[in-house]
Amino acid sequence: MLPRLLLLICAPLCEPADLLLIASPSHPTEGSPVTLTCKMPFLQSSDAQFQFCFFRDTRALGPGWSSSPKLQIAAMWKEDTGSYWCEAQTMASKVLRSRRSQINVHRVPVADVSLETQPPGGQVMEGDRLVLICSVAMGTGDITFLWYKGAVGLNLQSKTQRSLTAEYEIPSVRESDAEQYYCVAENGYGPSPSGLVSITVRIPVSRPILMLRAPRAQAAVEDVLELHCEALRGSPPVLYWFYHEDITLGSRSAPSGGGASFNLSLTAEHSGNYSCEANNGLGAQRSEAVTLNFTGRCSARDPLRSLPSPLPQEFTYLNSPTPGQLQPIYENEPREQSVAVHGRQQHSSEQKAQKPWGHIWRTRFP
């Protein structure tokens, strides 16, 4: 028995090639596990006890010396490429060394880049949080992610991390963030872009302004009163509701935004406060009230009806911060060129040369 044991110990010292390092798999890809085995073909039994150690280049791997002839590496990366070898040590401190084996770790190029949004669908409320999630279906190693705004590609941010997904966040979305976005991913084999994703910013309606239009300075029974309601901000479509003393008169829709009008044939019961409401599904806003007082039926001798005029007179009332305070503004110019003077009639040689348009009454905001 003793001669056989001496032979087993002596053989590897004389022929170190009998100590082999085996890697499985021998050509790993990034992120995959690898098992290193230090094998002694000449050892037929466990008669002798050995300690094993594994190396890459000049650095010891794992726990150092161990009684196990195998070392499990959970994941290999590109930077783990190198020259690997192992050593075995006998109880008599004799060290056996294997030949070096080159292990090359292969990187998988990124593929199938996509951009998703949170919340899903690309629609987000103004002021809310928007997250752009860039993902790759495959790819290994450190991946660089880049986000771009607009088809021309304004770079927003870049991140490099060992992950198949990365996020870009807009904490509070503004109206100017409504645009097309895309992302790019690359890990050393060239950039790979995603498709375009459109972001729609939904804007709640602002408080609407109500304007009343009548054909004369003092509205009368049987006149047609036009109620025009408009919210200056808000994503379309917008639905407008019109009220008289909180009683619903009707509704009108503005599919493309802007304002909407409602016509009302006046009766004796229509004096009082008018208001309107705007709603685009993101919250309703109510206008301030406008107070309208008018007389009874106009006779044929009414000078306002009998006076010839190239254009009908029009009187407009706007809601003011204090309901019922209607202050006239007199204008004698076309509206697109008008110059308003509060509390008096404006006369000038330029105005006299123009064709009169009739008086327009509006409330004046303080």
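**Figure 1. Cysteine 134 is buried, with a relative accessible area of 0%.** Buried means under 20% relative accessible area, with exposed over 50% and partly exposed in between (1.4 Å probe, protein chains only). This is a predicted model: local features need pLDDT of at least 70, side-chain atom pairs count only at pLDDT 80 or more, and totals for chains, interfaces and linings use all residues. Residues are numbered from 1 along each chain as its sequence is written, and side-chain values use heavy atoms, with hydrogens and water left out. A disulfide (a pair of cysteine sulfur atoms within 2.5 Å) joins cysteine 134 to cysteine 183, with an S to S distance of 2.1 Å. Cysteine 134 sits in strand E11 (residues 130-138) and cysteine 183 in strand E15 (residues 180-186), so the bond ties together parts 49 residues apart in sequence. Helices (H or I, at least four residues) and strands (E, at least two) are DSSP runs, numbered from the N terminus. The S-S torsion here is about 80°, so this disulfide is right-handed. Cysteine 183 is buried too, at a relative accessible area of 0%.

**Figure 2. A disulfide joins cysteine 38 to cysteine 86.** The S to S distance is 2.1 Å. Cysteine 38 belongs to strand E2 (residues 34-39) and cysteine 86 to strand E6 (residues 82-90), so parts 48 residues apart in sequence are tied together. The torsion about the S-S bond is about 75°, so the disulfide is right-handed. Cysteine 38 counts as buried at 4% relative accessibility. Cysteine 86 is buried at 0%. Cysteine 53 has its closest cysteine sulfur in cysteine 86, but at 9.2 Å that is too far for a bond. Cysteine 53 is buried, at 3% relative accessibility.

**Figure 3. Cysteine 229 and cysteine 276 form a disulfide.** Their sulfurs lie 2.0 Å apart. The torsion about this S-S bond is about 70°, so the disulfide is right-handed. Distant parts of the chain are linked, 47 residues apart: cysteine 229 is in strand E20 and cysteine 276 in strand E24. Both cysteine 229 and cysteine 276 are buried. The structure holds 3 disulfides. Counting bonded cysteines along the chain, the pattern is 1-2, 3-4, 5-6.

**Figure 4. Leucine 264 is found in strand E23 (residues 260-265).** At 11% relative accessibility, leucine 264 counts as buried. Setting aside neighbours within four places in sequence, leucine 264 is in contact (heavy atoms within 4.5 Å) with Asp223, Val224, Leu225, Leu227, Leu249, His270 and Tyr274.

**Figure 5. The largest nonpolar core has 24 residues.** Such a core is a set of buried Ala, Val, Leu, Ile, Met, Phe, Trp, Tyr and Cys residues joined through side-chain atoms within 4.5 Å. Those with the most contacts inside this core are Leu210, Leu212, Leu225, Leu227, Tyr240 and Tyr274. Elements giving two or more residues to the core include strand E19 (209-214), strand E20 (224-230) and strand E24 (272-279). A second, separate core of 22 residues includes Val113, Val136, Ala166 and Tyr181.

**Figure 6. The protein chain averages a pLDDT of 79.** pLDDT is the predictor's confidence in each residue, from 0 to 100. At least 70 is the score of 74% of the residues. Over residues 1-17, pLDDT stays under 50. Over residues 298-314, pLDDT also stays under 50. Where pLDDT is low, the predicted coordinates should not be read in detail.
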